[in-house]
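Please open the structure in a viewer and keep the selection panel at hand.

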Amino acid sequence: MAYEQKEKEACLECGGELYRSRKGQKFCCESCKNRFHNRRVSSSRNFRLKTIHALEKNYMVLDSVLRDGEESIDLMLARTLGYDEKLMTSCIRMRGFMLCSCFDITFIQGPTKLRSITRAEKR
């Protein structure tokens, strides 16, 4: 007498045997399900948090320039203060220069200097 042998299905998180309570079950328990989904979204969450942190650092560097009464800063000095020229909230190429902004602060980013740093008017 031949019979079909069912393959034992394993939990996607821990690899343990599934005790089916319903069709399509993928996890052996609620905690495995939560760990699986938390790990899956953690890399994108970490990327977003790192980006937001870098934008805040850029904002703090630009804000300190404005508080010091200056309108420009050497790019190398800005980098030593934690500025990352690859991250800003917007950037537009205009006639050979880059008009950028970090939240409400706008500036022109050149190859060696950030200049014309100004804060947008509050409405």
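A disulfide is a pair of cysteine sulfur atoms within 2.5 Å. By that criterion, a search of the whole of this predicted model finds zero disulfides.

Select C28 and C14 to begin. The cysteine sulfur closest to that of C28 belongs to C14, at 3.6 Å, which is too far for a bond. Colour C28 by accessibility next: at 31% relative accessibility, C28 counts as partly exposed.

Then move to C102 and C100. The sulfur of C102 has its closest cysteine sulfur in C100, 9.9 Å away, and this distance is likewise too far for a bond. C102 is buried, with a relative accessible area of 1%.

Now switch to a cartoon view of the protein chain. Its secondary structure comprises two helices and five strands, and following the sequence gives the pattern α-β-α-β-β-β-β. The radius of gyration of the protein chain is 26 Å, well over the 14 Å that the globule rule gives for 123 residues, so the chain is more spread out than a compact globule.

Display the surface next. The protein chain exposes about 9,700 Å², of which carbon and sulfur atoms supply 53%. Of its 123 residues, 22% count as buried. Among contacts with a separation of 6 or more, 40% come from residues 24 or more positions apart.

Definitions and conventions
Residues are numbered from 1 along each chain as its sequence is written. This is a predicted model: local features need pLDDT of at least 70, side-chain atom pairs count only at pLDDT 80 or more; totals for chains, interfaces and linings use all residues. Side-chain values use heavy atoms; hydrogens and water are left out. Buried means under 20% relative accessible area, exposed over 50%, partly exposed in between (1.4 Å probe, protein chains only). Helices (H or I, at least four residues) and strands (E, at least two) are DSSP runs, numbered from the N terminus. The radius of gyration is taken over C-alpha atoms; the globule rule is 2.2 Å times the number of residues to the power 0.38. Contact means heavy atoms within 4.5 Å. Accessible areas come from the Shrake-Rupley method with a 1.4 Å probe; for residues, only the protein chains shown count as cover.
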